[in-house]
Amino acid sequence: MIPEIGHFALILALSVALVQGVFPLVGSLIGKNHWVSIAKPASFAQMFLLTISFVCLLYAFLSNDFSVKYVANNSNSQMPTLFRVSALWGAHEGSLLLWALVLGGWGAAVGFFSKGIPPVMLARVLSVMGLIGVGFMLFMLLTSNPFERLLQIPLEGRQLNPLLQDFGLAVHPPMLYMGYVGLSVAFSFAIAAMIDGKLDAAWARWARPWTNIAWVFLTFGIALGSWWAYYELGWGGWWFWDPVENASLMPWIVGTALIHSLAVTEKRASFKAWTILLCILGFSLSLLGTFLVRSGILTSVHSFASDPERGLFILIFLLAVIGSSLVLFAFRAHKFRSVGAFSLVSRESGLLVNNVILIVMTATVLLGTLYPLIIDAFSSGKISVGPPYFNSVIIPLGVLLYITMGFGFFLRWKKDEPSRILKKTWLPLTVSLVAAFVLPLVTVSDFNIMTSLGLFLGSWVTLAALMWVLSLGRSPFKLPMAAWGSVIAHIGMAMTVIGITLVSIYDTEKDVRLEVGQSYELAGYNFAFKKIESVKVDNYIANRATMDVSLNGELVNNMHPEKRDYGRDQMPMTEAGIDAGFTRDLFVALGEPLGNNAWSFRLYHKPFVRWIWLGAVLMGFGGLLAAFDKRYRRMKKIVVEPVQSANKIKDTSKNTPGVTA
Amino acid sequence: MKYLLRSLMISLLMSFSLSAIAVQIEFHTFENEQREKLYLDLIAELRCVKCQNQNLAESNAELATDMREKTYEMVVEGKSREDVVNYMTARYGDFVLYKPPFKSKTILLWVGPPLLLFLSLFMILRIVRKQSKQAPKQLSDDERDSVRSMLKSNSSSEK
Amino acid sequence: MNKKYFIPLIAFMALVGLMLFGLKNDPKVIPSPFIGQPAPNFSLPKLYKPEEMVTAKEMKGEVWVLNLWASWCVSCRAEHKVLSRLIEKMKVPTIGLNYKDYGTEDYGDEALAWLARYGNPYQSVAVDTEGTAGLDWGVVGVPETFVVDKKGIVRYKFTGPVYDEAMDQILVPLITELRKEKR
C-alpha cells in the first residue's frame, strides 16, 4: 500500500509540476494575474508531494519491502540501517527520485525566499523549474519507476554493491545533486530574463546568491566524491579524469565563471548576454552529465547500469530544455546591451580573462571526454583520452588562471593603471617567488620546477588575497561578508593547488611482504605488522591486520587495514587503513596471505593530500559567506519608480555599444 | 549549515578506514629507481583494454595482470618506454594509451585548447579595445548612483 | 539579430548528433589493429599431443580461423555449437587456442573434459598456458574469433561469442570470399 501511495504522490507531483510549468508562464504572457499567482503555491505543493513520494520509498527500504523491485535489487535485511537509507539513491531509479525531490526543494525555496522578486519574474522562474520537473518525473514514470512491484516476492533482497555500502554514498550524491539541480535556478532566472528581454542589476542580485549556494553544494559534492574515491578505491588516487567525474567538473567550472560574470553584471551592467549564456551552459552541462552517466555511451568506472532507451529519453529531454533555451538565446541575446564601458586594464578585463580561461578549461574537459566518441563517429578507430592528456592541457591553463587570480584582487573597475597594480603586487609577487624556490631547498633539498611552480601559485594567490583585505584599510569586522567570502574561497583555491602539487610529486608507495612481527620503513615512518585476526561484522567477514606506525621510535597510530568478504558473488574488498594528518596521510592496504604468517601490504605516504579537500571546504565556506552577504537581503527595500526612467536607460545604452562577448 | 561544515571538517581530518576494492599486490624488484619509475609510469598510462576505464595499475582483471607482467618483463630487460608503448599499441591499437599520440586524427584534441585560448584572448582584446575607444565621457559618481537606482527600479517596475 | 548568438545553438546541435551516434554505438567493441596485418605467429604445444607444436605459420596457404576459448569461459559454451556448425559447413581449418586453461594447477584436465563433453571441431588445439600467444593476438576477453586469409593476413576479428546471425551474415560470406582470392 505504502509504495502505491508513493507512486500516486509522484503522479500527482507530475500533474502539479505541469500546472506550475504552464499556467504561470502563459498567464505572465497574456496578462492573467491569477494564473501568475499559481506559481508559488504550486511549487510548495510539488515539494510536499515529492517528499511524500520519497518518504514512501524510504519506508519501503527501511521495512525491507522486497515486493518493490527497486528495493529487492538494491538492499537486503542484513545491511546496516544507514546503508539501507543511502541505498535509496544507490541506483538509477531512486537517484532520479532524489533528483526530482531536490529540484522540488529548490523550487519551493525560491518560492519561499522570493519577497523582493516581482511576481511576474517569479512566476516565470518557477514555471521553468516546473517544466524541468515535468521532464524528470515523466522520465521516471515512463522508464524508471522506483515503485514497481514484483509479482514473485523474494525472501531477501540483493546485496548492494559493497563499494556503495559506505558513508560516502550517504553524503556525496545528495550534495552533488543539490549542486547540479541548484544550477537550474540560475538557468530559470536566465530564461525569465530572456522572455522579459531585460536584464538589470536587480536581476543579477536575485540570481547571485542562488548561484553561489548551488556552486557551494557542487564544490562540496565534488570534494566528497574525490575523498570517497581516495579512501574507498584503495590505491590512494583522488581524481581519475573519468567521464563521470568530468561530467561533474564541467558544471563546476562554468559555475565558477558564472559567479564572477554575475559580479560584473550586477556592479557594472556589463557581460549581460555572456552571463545569460553561462547560466544556460551551467545547467546544460549538469543535464549532459546526467545523460553521460546513464546512457552508457562512454565507458566509465562509475556509471549507472545503462540502457539506450533511457539514453534516448534523456537526449530528447536535453534537446527540449537546452535546445529551446539556446533558441531563445539566439533570438533574444541582442536585447541585452551592456552599458559599462571599460579599458584594457580594469577589473572587467581581468574577469573576462578569468572567464575565458575557465571556459577554455571546460571546453578542454568536454573535448577530451567526448573525443573518443568523435573519433569513433568518423570511423577512425578507438582511442582513449585519460589523465596524461588532461593533466598536460589543464595544468598550463590552471597556471595562467592562478596568475591572473592574484592580480584580479587589486584591479579597479572600469579603468586602472598598470603602474598602480605593479606597486600593489610587487611585494606578494617577490615573497611568493622567493618562498617557492627556497622552501623546497630547505625541506626536501632537491629542486623540482613543478614544486616551485605549485608553491608559487599557491602563495601568490594567498598573499594577494590577504594583502588586498589589508589594503582596503577597514577593520576586518566591518568588511562585507562577500569580501571575506572571496578571500577565503581564493585561499581555498591556493590550498588545493598546493595539495595537488605536493601529493603528485612527493607521494611514495611500496608493495611489501611482511610476516607478523616484521616491519618496513617508508618515508621515515616505521610500519610494524603486529597481528592479524578474523572478525565478523554486520554483513561481511573480514581479515583485520593491526599495524603499528611509528616515527623516530614514537608510536603514531595503530592502523587496521582489512580485507572483507561480503559473500554471495561479491568481490572481496580491501579496506585501507588511513592515518590522516594535516601534512601527510599514511595509507595501508591489506593484500593476500602469502603463507607462513606473511601477508602482502601496500603502503603509501601521501604528503599534503588533505589540503586538496580542505581547500575545497574553504572554497565552499567562502561561497556561503558571499551568498549570505547583507546586500542580498537589503534588496527587498528597493523602491519602485516610474517606468519612464527605465526607458531613459535604454536610450543611453544605445550610444554605448558594450561588450557582449 | 555551521554544524554541517564542522562535521565536514572533522570528517576530513579524521582517520577513516573504509572499504575498497581488493588491491592486487605484486612484488617487483628493479635495477634502479629510474626503472621502477618507468614501470609505475607505464602501468599508470596504459589502459586495461577489458575494463571500464581503468589503467593497468588499478585493475584486478586477469588481462591487466598479464599486461602488467609483460610491461615488467620488458622494463627489466632494459626496453625503453617507447618499446613498451609500441609493443602494446601493436596489439591493442591507440586505445591502450591514455595519452593519445599526436597524429592527424588527434590534431583537434591537442591543438584545439591552446588555439581556442589564443583566439578568444585575441577576440576579447579586440572587443575591449573597440568598446573602450568608443566609451563616452565617464560618468561622475552622482550620475552613476542615479543610473544604478534607475536600473533597480527598472526591473522592479515590471508590470 | 546577430549571427554570433546562434553559435551556441549550432554547437549544441552538433553535440546532439554526436550523442545520437553514441547511443547506437557500443563503446566496448575495440577494433583489432591486426586487421590487414600479418597474423602474429605462435608455437604452442598441442592439447592432445603435448610433444608436438602447432604454429600459425604452418596454416599459410589456406583460409583459416583462430578461435580463443577456455573451459572456464561461460559464453564459450554457447558459442561452441555455432562454431562447430560453421567449421562443419565451411570445412574451414580452425585452431582452437586454449587460453590460460589446461596445464595450470587450478584447472587440471578441464580443457580435455570440456572438449570431450561438447565435442572437438578443431583441426588442432593449441595450449596457451601463460596467455602469451593470446597477448600477441591482442586478446581482450575470450571468446574471440579471427579469420586469416591465404597470405596469412588477418582479415576479420569477432569479439565475443559468435551467434547464428553473425555466422551466416558475416563469417560464411567472408570465408567464401577469401577463398576466391589468390595466394
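Predicted model: local features only at pLDDT ≥ 70, side-chain atom pairs only at ≥ 80, totals over all residues.
Val65(C) has Val147(C) as its bridge partner in S6(C).

Five strands of chain C form an open sheet, in the order S5-S4-S3-S6-S7. The pairing is mixed. Strands of a sheet pair through backbone hydrogen bonds, and they do this either parallel or antiparallel. At the edges stand S5 (124–128) and S7 (154–159) of chain C. Each has a single partner strand, so one side of each is left without a neighbour in the sheet. On average, neighbouring strands are turned by 20° against each other, direction ignored.

Turn next to chain A and two of its helices. H10 covers residues 243–268 of chain A, and H13 covers residues 347–377 of chain A. Their axes come within 9 Å and cross at roughly 160°. Angles over 145 degrees count as roughly antiparallel, so H10(A) is roughly antiparallel to H13(A). The crossing is left-handed.

Which residues make the contact? From H10(A) they include Leu249(A), Ile253(A), His260(A) and Arg268(A). From H13(A) they include Glu348(A), Asn355(A), Leu358(A) and Val365(A). The residues of this contact divide into 13 nonpolar, eight polar and two charged.

Technical notes
Residues numbered from 1 in each chain as written. Chains lettered and ligands numbered in written order. Axes fitted to C-alpha atoms, helices over the stretch in contact; angles between N-to-C directions. Helix = DSSP H or I, 4+ residues; strand = E, 2+ residues; numbered from the N terminus. Parallel < 35°, antiparallel > 145°, perpendicular 65-115°, else oblique. Left-handed = near helix turned anticlockwise from the far one by under 90°. Contact = placed C-beta atoms within 7 Å. Nonpolar A, V, L, I, M, F, W, Y, C, P; charged D, E, K, R; others polar. Pairing = 2+ DSSP bridges.
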